[in-house]
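Reader: I have a model open and want to go through it with you. Can we start with the chain as a whole and then look at a single residue?

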Amino acid sequence: MPFVSTRGTEQISAPEAIVRGIAPDGGLYVPLKLPKLSREDFDALAQMDYPARAAYTLDAVLDGFTLEELLPMAKDAYARFDDPAVAPIRELKDGRSVLELFHGPTLAFKDMALQFLPRLLTASAFKRGESKEIAILTATSGDTGKAALEGFKDVKGTSVTVFYPLGGVSAVQEKQMVTSEGKNVHVIAVKGNFDDAQTGVKTLFGDPAFQRKMDALGKTLSSANSINLGRLAPQVAYYLSACAELLRRGKIAWETGLNVCVPTGNFGNILAAWYARRMGAPIKKLICASNRNDVLTDFINTGVYDRRREFHKTISPSMDILISSNLERFLWELAEGDPAAVRGWMDQLKRDGAYEISGRQKEMLKDAFYGGFADDAATRKTIRDIWETEQYLTDPHTGVAMRVAQDYRDKTGDQTPLLIVSTASPYKFAADVAEAIGAEVKGDAFAAAAALEKKTGVKAPAAVLALKDMPVLHTLVCDKERMGEAVLAGFDGQQA
Ligand SMILES: *Cc1c(COP(=O)(O)O)cnc(C)c1O
């Protein structure tokens, strides 16, 4: 199954795409073809445990790896999850259920892919005969950073440098990152917002002078951001897994299927749902839920992507994004694989801050997607309502999705079973969740976690409690124009 850049025509294998991360032309790698699964394939998936489902999915999506290679990788990747189902489904009322993707070591859905990526990446590099160290550079809106640091920590032949927006992540997220251990990990705060950090990383990937310097240090650049194919592919697995599981439980029917609602920032998670849908998963509507940074809501409703708007800091910081980088992969599909069209839109976005798709493409978009958003007040109210009516405790990102999913049902009357994707543990955002449900909060995030536990009886994950007393190991801050120098300085420190 060859892969191609959204902005070019060169066909390469999956291992090559995974090592490169981003294409030399600035595009993202997309599959030229995906296999179609049958009802029987889903029945077979339902009989497997989660690692086997993941290995099966990757074998179907990626060329260049055998199932025998993928199975042990998947077993390792999901060994540290605190639920035997890895991605369990909790059923709520009214044909709704929640797919919990936060049972990994950093308590957010990024672990689903980032525990797998280092294994795919080192195996890919080995296949390609790569001898240089793989230097991961990544920008984070909060959760990717820690998940990448955990995933790559002390993995031989790799290093990882994470940039996060100073003051732009939650207290727990920041503490998780700056306490990261491992000889090969670097954490740097950037004076700017997430888009600045992400743009800075993208610029470094396109900067030949920077690459030469890295080369001289014996390092080759790669990305752990959601633009890496090795991030995207493991995410397809939990959609296939969830469909198989709900079919097995008799909660959905093959013909009528389900709708899926995903709290969205960079469009990576929901794009994986789209690929699952293309592979035959019985997913009908893809409900794209945003917070007040509602650039995707407007895009789905109008066909105009316009980033020229105010940036809002919200209680769902991992979705505080105005440039959804993975959307480019979907644009390639809308353009039916025409790289010139994608290049045109991306140039316009860079130059003017906006672009518009054609009338026919708008129809295609609206046929598959519904877009909606929820502000912080609506999100808080939803967290409280779900707690009071269902005793289900939910984090603010998932709260956004719950709200938008309900709006969708109210607006359309569509009562198709609904799978709401839950992307973080409520304890990762304990202060906001505690406040939303009316628990009394005094003090820091850890006091909030204690208050939340006391009020709800829902146990806090051990990983949150342990964090309180861990020493800060990373204190570097840099200007958004000087990220390259900061990376190189980090390696100097490592060698000294
Ligand atoms: C990253 C993240 C999101 C957004 O996912 P995308 O793939 O960027 O759309 C949502 N919620 C949480 C908790 C996250 O960490």
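**Overall build and one residue**

Author: Buried residues account for 61% of the 496 residues in the protein chain, where buried means under 20% relative accessible area with a 1.4 Å probe, protein chains only. This is a predicted model: local features need pLDDT of at least 70, side-chain atom pairs count only at pLDDT 80 or more, and totals for chains, interfaces and linings use all residues. Residues are numbered from 1 along each chain as its sequence is written, and side-chain values use heavy atoms, with hydrogens and water left out.

Reader: How many helices and strands does the protein chain have?

Author: The protein chain has 22 helices and 16 strands, taken as DSSP runs (helices H or I, at least four residues; strands E, at least two) numbered from the N terminus.

Reader: And what is the radius of gyration?

Author: The radius of gyration is 21 Å, close to the 23 Å of the globule rule for 496 residues, so the protein chain is as compact as a globular protein of that length. The radius is taken over C-alpha atoms, and the rule is 2.2 Å times the number of residues to the power 0.38.

Reader: Switching to Ser 97: where is it, and is it buried or exposed?

Author: Ser 97 is in strand 5, residues 96-100. Ser 97 counts as buried because its relative accessibility is 6%.

Reader: Which residues is Ser 97 in contact with, leaving aside neighbours within four places in sequence?

Author: Ser 97 is in contact (heavy atoms within 4.5 Å) with Ile 89, Arg 90, Glu 91, Leu 92, Leu 246, Leu 418, Leu 419 and Ile 420.

Conventions
Buried means under 20% relative accessible area, exposed over 50%, partly exposed in between (1.4 Å probe, protein chains only).
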